[in-house]
Amino acid sequence: MIEFLLNLDGSILLWLQNNFRNEILTPFFLTVTRLGDKGRIWILVTIILLICKKTRNIGIMSAFALIFASVFNNVILKGIFDRTRPYDVVEGLTSVIGSMKSSSFPSGHTSSSFAAAMVLFHGLPRRYGILFMILAALIAFSRMYLGVHYPSDVAVGAMTGIVSGLAVIFLYDKISNMPWKKKAE
């Protein structure tokens, strides 16, 4: 079963490369993936939210979600699994952005994107939240399009990001409703 899933992962990437990758979409997905490099876009949005008093709590939650997702994915899971990048394993697959030093599983770009986007979707007006979720999905897809992550890397990255965001929302809600907090108001 595992071998079947690994082969499916590689087959999906080859299909994307052979049927979807082209000179028009490639610059778009390069730009999209660069927005997610080191969480740049999410850190920028978080800083903007932290500056405004009205959105400061959302900014705090976004910052914690990014930290949780980063530690869980980039320190713990990547350290445990140390999965080789697909372009080094799948015959015929090329990486649009060259070789990378970190391991493949799970996708850090995807995880940080969904961690922040989940908080923003929860805390901002829906029209903004939906736009951030779409951006997170585009960043996730860009990692497969460019040949640097398997679909399973992206799926697990999305799940851990969503769980990180939801955990921060849950904990922040619990802390905000603590009895000592209500007395101080």
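Contact here means heavy atoms within 4.5 Å. This is a predicted model, in which local features need pLDDT of at least 70, side-chain atom pairs count only at pLDDT 80 or more, and totals for chains, interfaces and linings use all residues. Residues are numbered from 1 along each chain as its sequence is written, and side-chain values use heavy atoms, with hydrogens and water left out.

**Whole chain**

Start with the chain in cartoon view. It has 8 helices and 0 strands, where helices (H or I, at least four residues) and strands (E, at least two) are DSSP runs numbered from the N terminus. Read from the N terminus, the order of elements is α-α-α-α-α-α-α-α. The radius of gyration is 18 Å, close to the 16 Å from the globule rule for 185 residues, so the chain is as compact as a globular protein of that length. That radius is taken over C-alpha atoms, and the globule rule is 2.2 Å times the number of residues to the power 0.38. Along its principal axes the C-alpha trace spans about 65 × 35 × 25 Å.

Switch to a surface. The chain exposes about 10,500 Å², with carbon and sulfur atoms supplying 69% of it; accessible areas come from the Shrake-Rupley method with a 1.4 Å probe, and for residues only the protein chains shown count as cover. Of the 185 residues, 44% are buried. Buried means under 20% relative accessible area, exposed over 50%, and partly exposed in between (1.4 Å probe, protein chains only). Among contacts between residues at least 6 apart in sequence, 77% join residues at least 24 apart.

**Leu93**

Select Leu93, in the loop between α4 and α5. Which residues does Leu93 contact, leaving aside neighbours within four places in sequence? They are Leu13, Leu14, Gln17, Arg21, Pro86, Tyr87 and Gly147. Leu93 has a relative accessible area of 7% and is therefore buried.

Not counting residues up to four places away in sequence, Ser104 touches Lys78, Arg83, Thr84, Arg85, Pro86, Val148, His149, Tyr150 and Asp153.

Next, display the backbone of Phe105 and Pro106. The peptide bond joining them is cis, with omega about -10°. Pro106 is in the loop between α4 (56-81) and α5.

**Helix α5**

Select residues 108-123, which form helix α5. Its 16 residues reach 23 Å from first C-alpha to last, close to the 22 Å expected at 1.5 Å a residue; the expected span is 1.5 Å times one less than the number of residues. Is α5 mostly covered or mostly open? It is mostly covered, with 13 of its 16 residues buried.

**Aromatic rings**

Show the side chains of Phe, Tyr and Trp. Rings of these residues (for Trp, the six-membered ring) pair if their centres lie within 6.5 Å; planes under 30 degrees apart count as stacked, over 60 as edge-to-face and the rest as tilted. By this rule there are 9 aromatic pairs. In one of them, Phe20 and Tyr145 have ring centres 6.1 Å apart and planes at 80°, so the pair is edge-to-face. This pair links distant parts of the chain, 125 residues apart: Phe20 is in the loop between α1 (2-19) and α2 (25-36), and Tyr145 is in helix α6 (residues 126-145). Phe20 is partly exposed at 32% relative accessibility, whereas Tyr145 is buried at 0%.

**Charges over rings**

A charge sits over a ring if NZ of Lys or CZ of Arg is within 6 Å of the ring centre and within 35 degrees of the ring normal. Select Arg83 and Tyr150: Arg83 lies over the ring face at 3.7 Å from its centre. Then take Arg126, which lies over the face of Phe121 at 4.4 Å from the ring centre.

**Positive phi**

Finish with two backbone angles. Lys38, in the loop between α2 and α3 (40-51), is not a glycine but has a positive phi of about 55°. Lys38 is exposed, with a relative accessible area of 75%. Asp82 lies in the loop between α4 and α5, and its phi is positive too, near 45°. At 56% relative accessibility, Asp82 counts as exposed.
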